[in-house]
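Here are my notes on the model you sent. Please read them with the structure open.

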Amino acid sequence: MKYSAVTLAREALRGHRHWPEAWAKARPKAAYDAVIVGGGGHGLATAYYLAKTHGLSRVAVLEKGWIGGGNTGRNTTVIRSNYFYPESVALYDLALRLYEGLSRELNYNVMLSQRGMLIAAHTPAQMEICNRIANAMQLNGVDGRLMDAEEAAARVPLANQAADARYRLMGGIWQGRAGVARHDAVAWGYARAASRMGVDIIEGCDVQDIVVEAGRVTGVETNLGPIRTNRLGLAAAGATPGLAAKVGVRLPIHTYALQAFVSEPVKPILDTVLLYLGTGTYLSQSDKGELVIGGGLDRVPTHGQKGNLPAQEQVLSGVLEMFPSFGQLKLLRQWGGVVDVVPDSSPILGPAGPEGVFLNCGWGTGGFKAIPAGGTLLAHMLATGDHHAISRPFDLDRFRTGRLIDEAAGSGIAH
Amino acid sequence: MQRFPCPFCGPRAETEFHFAVEAGHPRPDGAPSDADWAAYLYDVDAPKGPAREMWLHVTCGTYFLMTRDTQTREILGAEDLG
């Protein structure tokens, strides 16, 4: 069913009891043209673009849990492309451009809200860094500019600007096209659109082994039985190292927990995404009025999907330094997801080990913003067997050749 | 706050420690190929479950080998490197 004002009115009159399933609950068939492991945003987007762009609809997405239950449904929903290196900007701005048309394309409101993002500085040294990144953004053709103290303070009027404040605003980088989107809607929208084009979305399907014959992948063993395919995409975030190990591939990926927090809802008090370089804490206000708060990685590598207290304390003390008045707010919930962190803080896209196996992983703390691009590029690799021009620099061979894309040094991001 | 066991100082707060590297990846001998050298520098197993890792107790400067479960976070042992 296509969503429209007419269908909404009709279903409202029928008591909302007859809406069809957004996507079909599929059971695995014996064989597919391509199989994607991981039913998060990247996996679902891959399936959608395989069907739409490449005409491949004998495709399955295998999700161990349920759609929207992993990192896609558990992040801080920020979308931006304010990176340093041209390779990164090409990647993340492709995602942002696709996000800009996504609600219309998927016939599903992903609630993209381009409210802008301020990366705030409070020392002259940080302003120098901001200047450098703003310059890089302009050279890369992305909307980005330096903002002075007065304009920054007007953007976030509740930020602590008292004379004795530790992190008084000195200015920062502004990207006006950055913003937030409804993360569940991105997963559900892609799932629905892919399912309508014939893709099988199989939940509760755990991949237990990957079958390789004569150097080429021929299928996977799952708890729901064997599935044959000679094109396999791995898009399973923190679970990727374990999957790659099944075909004898070791990856430069450490897994860490990343925490986020949501406050009780309040009236509009913050209409932009704010990242403070001084505290490392960032936040935005959701459309429901909750403050959505994130920060850096936990310091202890883990596969446990919960955070630890020291990181929690650091993030929340950052919020209170920036906004002392938020000390009145109660936290509604906290959660931790496992993220796949790569030494140069850039994702890994490309073939791995046996012929026919392609990776989409290593997004670290920043996978959500990249979903449409990650899907486009993994679909391209699965369909053609070769790199897209934008994915080529992110191949695993960069660790051998030394052509790292070090965004931790470039744009100062954590992942 | 979790406590990690420094072989020199005893149990201390986790914030005093820094994860250094996964244990069990010896430096290749002779003149390794680019691929072998890159694998040594970067590739890890990141096991889900028991893992052997090198940690630094920043406060006293001791490197030691810690075995812990990366899923449950349980500490399974610590070894002094001598």
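1. Strand 6 of chain A, residues 171-175, is mostly covered. Five of its five residues are buried, meaning under 20% relative accessible area with a 1.4 Å probe, protein chains only. Strands are DSSP runs of E, at least two residues long, numbered from the N terminus.

2. This is a predicted model: local features need pLDDT of at least 70, side-chain atom pairs count only at pLDDT 80 or more, and totals for chains, interfaces and linings use all residues. Residues are numbered from 1 along each chain as its sequence is written, chains are lettered from A and ligands numbered from 1 in the order written, and side-chain values use heavy atoms, without hydrogens and water.

3. Which strands pair with strand 6 of chain A? Strand 4 of chain A (residues 117-121) runs antiparallel to strand 6 and is joined to it by five bridges. Strand 5 of chain A (residues 145-148) is also antiparallel to strand 6, with four bridges. Pairing takes at least two DSSP bridges between two strands.

4. Met117(A) partners Gln175(A) in strand 6 of chain A. Leu146(A) partners Ile173(A) in strand 6 of chain A.

5. Now the whole chain. Of the 415 residues of chain A, 55% count as buried. The C-alpha atoms of chain A fill a box of roughly 70 × 60 × 40 Å along the principal axes.

6. Contacts (heavy atoms within 4.5 Å) deserve a look. Among those in chain A between residues at least 6 apart in sequence, 73% join residues at least 24 apart.

Note on methods:
Buried means under 20% relative accessible area, exposed over 50%, partly exposed in between (1.4 Å probe, protein chains only).
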